[in-house]
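Me: I'd like to go through this one with you before setting anything up. Can you start with the terms and then take my questions as they come?

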Amino acid sequence: MTDSIYSDLKQLGGATRIPASPEDAELERVANPQADITYNVRFTAPEFTSLCPMTGQPDFAHLVIDYVPGPWLVESKSLKLFLTSFRNHGAFHEDCTISIARRLVEFLEPQWLRIGGYWYPRGGIPIDVFWQTCPLPDGIWIPDQGVPPYRGRG
């Protein structure tokens, strides 16, 4: 690969191991080549998995992450590995959802970020967690997250 905004990426294009924990996961970023305009990027992770910190049983969520990039774009394979690193991580739904958002905000410095964590029920109660950094920038279109209210999600 020639010297470009992609030259420093280490995980893309080769075999990589799943990080043992979110703390071990290495997010990667590239300079935003379209930084002169305001646009939205959406990542949807319909099969997110973590562990209940009390029982060790798996918890499942449908995550939707929208962000309006600033100077950086997240490299999607590194994001996938970061999200996968939660599968052996014990934390409550709220902590997982907000921890993901805060790490992305700190790393990417976006103009705006929103996360929706739609957690599947355990014990009959779904838990949905929502957070955004600030009011939506003017002139940007953000579609509905498209996750219906709970009725046996799927």
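Reply: Helices and strands here are DSSP runs, helices being H or I with at least four residues and strands being E with at least two, numbered from the N terminus. This is a predicted model, in which local features need pLDDT of at least 70 and side-chain atom pairs count only at pLDDT 80 or more, while totals for chains, interfaces and linings use all residues. Residues are numbered from 1 along each chain as its sequence is written, and side-chain values use heavy atoms, with hydrogens and water left out.

Me: OK, how many helices and strands does the chain have, and in what pattern?

Reply: There are two helices and six strands, and along the sequence they follow the pattern β-β-β-β-α-α-β-β.

Me: Which residues does UniProt list under "binding site"?

Reply: The unreviewed UniProt entry lists Val74, Glu75, Ser76, His93 and Glu94; UniProt positions are given in the numbering used here, feature names are shortened, and annotations may be inferred rather than shown by experiment. These residues span 21 positions in sequence and their farthest two C-alpha atoms lie 24.6 Å apart, so they do not all gather at one spot.

Me: Switching topic, what does the side chain of aspartate 59 make a polar contact with?

Reply: It pairs with the side chain of arginine 122 at 2.8 Å, where a polar contact is a pair of N or O atoms within 3.5 Å; within protein, one must be able to donate a hydrogen and the other to accept it, and residues adjacent in sequence count only if both atoms are side-chain atoms. Aspartate 59 belongs to strand β3 (residues 58-68) and is buried, at 4% relative accessible area.

Me: Which residues is aspartate 59 in contact with, leaving aside neighbours within four places in sequence?

Reply: With contact meaning heavy atoms within 4.5 Å, the partners of aspartate 59 include Phe48, Cys52, His93, Trp119 and Arg122. His93 is also one of the residues in the UniProt "binding site" list.

Conventions:
Buried < 20%, exposed > 50% of the residue type's maximum accessible area, 1.4 Å probe, protein only.
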